[in-house]
Amino acid sequence: MDKLVIEGGKPLSGTIVIQGAKNAALPILAASLLAEGTTTIDSVPHLLDIDVMLNILRELGCRAEHTDDTVVLDTTSAHTSHVPENLMKQMRSSIFLMGPLLSRFGEAQVYQPGGCAIGERKIDLHLQGLQALGAEIEEVGNRIVCRASKLKGADIHLTFPSVGATENIMMAAVLAEGRTTLSNAAREPEIQDLQRFLNAMGAKIMGAGTDTITIDGVERLAPCRYKVIPDRIVTGTIMVAAAATRGQVTLQDTQPAHLSSLIHVMRRAGVQIVVDGDIIKVGSSARPKAVERIVTSPYPAFPTDLQSQIMVLLSLADGVSILKETIFEGRLKHVDELSRMGADIRVDMNAAFIRGVPRLYGATVEATDLRAGAALVIAGLAAQGRTVVEQVHHIDRGYDRIETMLTRLGARISRTSPVPQAPNI
Ligand SMILES: CC(=O)N[C@H]1[C@@H](OP(=O)(O)OP(=O)(O)OC[C@H]2O[C@@H](n3ccc(=O)[nH]c3=O)[C@H](O)[C@@H]2O)O[C@H](CO)[C@@H](O)[C@@H]1O
Ligand SMILES: C=C(OP(=O)(O)O)C(=O)O
């Protein structure tokens, strides 16, 4: 297993260009199955989750190439609706195949998806949505089979604005007969990106970005070329890293409007942030101030995917901050690891009470999930001394060579890989 070794205490400085969004690229790649032919997707980052999605698509019979940041995907010879269990288990986003497969083949044979251990992460809302569109669903153990000879538009109300369920239902409904109205839909920017992509293929979808999405079914979709939006969570991670190390960083190719809640919180913490078109400049030279209360909630509120990273900044703040996680019940595991680096954090139910300390100290810590891992990297960059972050494969799910990106900003960070053992002869 790879490790990241960080010599902390050096302010980040310089300019970087932000990668395309994992959480937009994954459903878009799955949605490409809805059209026969060659679709080209630009700005697709090199991540473990993207590799898994491309491997699943290849297993289904597609041809997929990922060169530079472009994926060329020929779906013409896709021939099976069965996603192997071992691939389903490798990430949560494998569930995005369910809607497109059902729509294209009249059947989807999948399994409960895998992914980071941050909560129970049921898929009941995905399944209820597909059922409302006319699918018959059979669940035996881990295996899920959905069937529908022709999906029919329906009025669907989500009891919670689930990002994945909204996307799966959109992908299933585009080729259904008639109109689907999805209420209490998730409003994340990645959903707007999926709408733009599907509409570029010929779909008729309106309303993404609001809580009501209307999908008028069309006969067929055609392949297209499309560029994925910048990754708001990677942007936010680097913004926090810049502030935690008291550095000066310019981030290019961003969409600042997607980060309003983070920008607001960071300004309250005393961090200087200048927005100029698609550029964000972050600068900090003083100790951050505590922020009384931050609550993670669906977009446009503060994102759960930035909760662990902002916790690092608050760990170094002057005063007591309260950070409440309302989306995933198991997403405070980084607290124990940050405590090993000297942070003073008490957890009560889903709330973290963070008493800022003047400094963190290097330690050997474990990335328990993707964003927890990113937070530990930030903590290591800000800490005094050497930090070793283990279980880096979690971080590789969402950050395209994080150490390369940070080295460009002057960080002292390197990756170590285990030396293969010579076979005993
Ligand atoms: C690939 C991708 O885009 N991942 C993002 C997506 O995950 P994901 O789409 O899995 O997140 P959801 O919005 O679906 O989940 C939010 C909450 O709803 C619950 N739930 C969800 C579906 C369901 O059928 N039943 C149910 O109970 C989940 O357990 C969780 O507690 O949105 C999350 C919330 O912003 C982000 O943290 C993830 O980075
Ligand atoms: C939780 C995340 O991703 P996923 O839904 O793919 O597990 C994330 O990106 O932080």
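These notebook entries record what I looked up in the structure above.

**Entry 1: basis**

I am working with a predicted model, in which local features need pLDDT of at least 70, side-chain atom pairs count only at pLDDT 80 or more, and totals for chains, interfaces and linings use all residues. Residues are numbered from 1 along each chain as its sequence is written, while chains are lettered from A and ligands numbered from 1 in the order in which they are written.

**Entry 2: the whole protein**

I first looked up the overall make-up and found 14 helices and 23 strands. Both are DSSP runs numbered from the N terminus: helices are H or I with at least four residues, strands E with at least two. The C-alpha trace spans about 65 × 60 × 40 Å along its principal axes. I then checked the radius of gyration, which is 22 Å and agrees with the value near 22 Å for a compact globule, because the protein has 425 residues. This radius is taken over C-alpha atoms, and the globule rule is 2.2 Å times the number of residues to the power 0.38.

Of the 425 residues, 52% count as buried. A residue is buried if 20 or more other C-beta atoms lie within 10 Å of its own, exposed if 12 or fewer, and partly exposed in between, with C-beta atoms placed from the backbone.

**Entry 3: domains**

The domain assignment, which is automatic or from a database, gives domain 1 (3-19 + 230-416) and domain 2 (22-227). Their C-alpha centres lie 30 Å apart. I noted that 20 residues of domain 1 are in contact with 16 residues of domain 2, a contact being two C-beta atoms, placed from the backbone, within 7 Å. On the side of domain 1 that touches domain 2, helix α13 (residues 393-396) gives the largest share, three residues.

The UniProt record, an unreviewed entry, places "domain: Enolpyruvate transferase" at residues 7-404. Over residues 7-404 I read 31% helix and 24% strand, with the end C-alpha atoms 15 Å apart.

**Entry 4: ligand 1**

I counted as near a ligand any residue whose C-beta atom, placed from the backbone, lies within 6 Å of it. For ligand 1 there are 23 surrounding residues, the closest being N23, L125, S162, V163 and G164. Helices α1 (22-31), α5 (124-132) and α6 each supply at least two residues of this shell, and each domain gives at least three.

G164 and I169 are among them.

**Entry 5: ligand 2**

The residues around ligand 2 are N23, M91, R92, S93, G115, C116, D305, L370, R371 and G398. By class I find three nonpolar, four polar and three charged. Here Ala, Val, Leu, Ile, Met, Phe, Trp, Tyr, Cys and Pro count as nonpolar, Asp, Glu, Lys and Arg as charged, and the others, Gly among them, as polar. Ligand 2 lies between domain 1 and domain 2, because both give residues to its shell.

**Entry 6: C116**

I looked up C116 since UniProt lists it for "active site" in an unreviewed entry; such annotations may be inferred rather than shown by experiment. C116 is in the loop between β6 (107-111) and α5. Is C116 buried or exposed? C116 is buried, because 22 other C-beta atoms lie within 10 Å. Leaving aside neighbours within four places in sequence, C116 is in contact with D369, L370 and H394.
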